[in-house]
Amino acid sequence: MNASSVWLELEQVEARLCVVTAEQIGVDLDEVKPESRMIEDLNCDSLDLIELIMETEDEFGITIPDTPKTPVGKLIFARQPFRIRDLAEFAFLNQGTGKPVRSGWRRKPIELPPAAESGFSQLGGRFDSDDLQRIGLYEKLDADGERPMFRRVTDGMVCVELQEASVLVGSDDEDAHDDERPRHAITLSPFLIDIEPVSVTAFCRFLNSIDLQKHDIEMLIAIAPNDDRQGDMQFERSEQTWKPQAGTAMQPVVMVSWYAADAYSRWANGHDWAADRSERSYLPTEAQWEYAAEGSFNDEDNVYAGIHQRGETYESEGLLMPAVQQNYGQSRFGLRHMSGTIWHWCRDWFSPEFYSSEPATKLDPVAEVETGLRSERGGSWVGPIELCRPSYRRGRNPNARGRCLGFRCVGDIPS
């Protein structure tokens with residue numbers, strides 16, 4: 001079966017890889033578990049691992065490069081001990097890369113081009129809370145850039161560390177709106193921010209890992225039965241498991257309320273997702289967002305905006321959104337989709353007067369006076385490109401669900 005045409009859940013990859021491993025190394029299937037260690041439990045040597053990797057490529061229709069190129073790929077293959085679950089994670093993330101051409105490889109060594117990787121890092125399935133005890137919330141990546149990068153254990157998200165900075169936010173440009181004025185100086189403490197929006201795959205992992213009975217599901221994911229956007233839903237529940245719809249797995253998740261995004265942000269950071277709303281949110285503040293989005297609007301040709309055509313519907317082919325790992329609207333910090341693709345929920349209550357108020361100049365400013373609207377930033381694939389500039393501000397009812405509205409998270413610097 002070619003896995004490029006059918007998206008497999010992480011548990012499906014793990015189960016199939018257990019079968020492949022048992023057959024490849026000649027042991028009973030009941031001796032092979034996702035947590036089995038390749039060397040310590042299964043006695044695999046280098047040759048066994050090479051053969052197993054090739055069989056994995058054939059089974060899932062993917063490419064496993066000799067030397068992973070991405071920081072997440074390097075991280076996974078450097079884990080000690082190396083388990084079936086780790087190889088399954090790499091296979092899961094690289095669905096759709098296609099099998100390498102290795103005709104005659106076993107008979108005669110040939111020079112191969114470097115294998116491609118999808119660059120996708122976010123996880124599906126269910127989160128095992130034991131990993132927080134075993135690994136911690138973050139694994140540090142061996143990244144080439146000047147800024148430290150980490151991978152969050154709860155959902156596989158890659159995060160960039162932004163150091164303390166004194167920056168300017170807002171705009172005094174001629175075309176700036178009144179709520180963007182004045183341009184003013186602020187100081188931000190160090191923080192982590194997701195390198196890309198939360199995907200449909202990761203949001204399903206969240207839903208599969210929590211007890212929805214603890215929360216009103218209407219606040220999280222449900223839309224009315226008579227809502228004409230039912231056909232645009234990106235995920236569904238099948239046999240008690242939430243799964244992405246075909247073609248949506250790597251897309252940014254949309255049509256989630258602020259409350260759903262806020263709950264996810266706390267869960268992803270290892271906190272009580274169903275806590276009272278007075279608990280701290282891990283959605284970015286407007287100030288964090290605007291600083292992190294610097295440079296994302298410099299190349300307008302690479303901003304994914306203005307795609308929608310009047311009267312066009314999407315139920316048959318799905319929403320016209322790129323994958324989260326594609327380099328649209330990239331900021332100077334390497335963050336993707338900061339201008340265009342989707343609007344992002346922010347932590348702040350939205351006030352048109354906030355930027356001209358005294359609290360807007362404090363350390364780590366955030367608008368905390370309830371106004372009935374939550375802030376959103378970034379522009380989207382639906383609207384005009386003019387709305388994608390980093391200083392553009394607007395608010396929306398926190399219960400709203402939009403086909404161009406998603407989110408990403410922030411986090412604390414690991415100690």
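A: What follows goes through that segment, then turns to charged sites elsewhere in the chain.

The model is predicted.

Serine 46 sits in helix α2, which spans residues 46-60. Serine 46 has a relative accessible area of 56%, so it counts as exposed, the cut-off being over 50%.

Glutamate 40 lies in the loop between α1 (10-25) and α2. Glutamate 40 is partly exposed, at 42% relative accessible area. Aspartate 272 is 232 residues from glutamate 40 in sequence. In space, the two are 36 Å apart, C-alpha to C-alpha.

Now the salt bridges. The structure holds 27 of them. One joins glutamate 89 to arginine 79, with the closest N and O atoms 2.9 Å apart. Glutamate 89 belongs to helix α4 (residues 84-93), while arginine 79 is in the loop between α3 (71-77) and α4, so the pair ties together parts ten residues apart in sequence. Both glutamate 89 and arginine 79 are buried.

Arginine 83 pairs with aspartate 86 in another salt bridge, at 3.0 Å between the closest N and O atoms. Arginine 83 is buried, at 12% relative accessibility. Aspartate 86 is buried too, with a relative accessible area of 0%.

Next, helix α5 (residues 130-134). Here arginine 134 and aspartate 131 form a salt bridge of 3.1 Å, N to O. The two are about one helical turn apart, because three residues separate them along α5. Arginine 134 is partly exposed at 47% relative accessibility. Aspartate 131, at 17%, counts as buried. Shared partners also link salt bridges into one network of Arg79, Arg83, Asp86, Glu89, Glu139 and Arg151.

Last, the surface. A negative patch is formed by Asp172, Asp173, Glu174, Asp175, Asp299, Glu300, Asp301 and Glu386. Aspartate 301, one of these residues, is in the loop between α9 (286-292) and β9 (343-349). Aspartate 301 is exposed, with a relative accessible area of 76%.

Notes: Residues are numbered from 1 along each chain as its sequence is written. This is a predicted model: local features need pLDDT of at least 70, side-chain atom pairs count only at pLDDT 80 or more; totals for chains, interfaces and linings use all residues. Side-chain values use heavy atoms; hydrogens and water are left out. Patches are made of residues with over 30% relative accessible area and no salt bridge: like charges are joined within 9 Å, nonpolar side chains (Val, Leu, Ile, Met, Phe, Trp, Tyr) within 5 Å. Accessible areas come from the Shrake-Rupley method with a 1.4 Å probe; for residues, only the protein chains shown count as cover. A salt bridge is a side-chain nitrogen of Lys or Arg within 4 Å of a carboxyl oxygen of Asp or Glu. Lys and Arg count as positive and Asp and Glu as negative; His and the chain ends are not counted. The place of a charge is taken as NZ of Lys, CZ of Arg, CG of Asp or CD of Glu. Helices (H or I, at least four residues) and strands (E, at least two) are DSSP runs, numbered from the N terminus. Buried means under 20% relative accessible area, exposed over 50%, partly exposed in between (1.4 Å probe, protein chains only).
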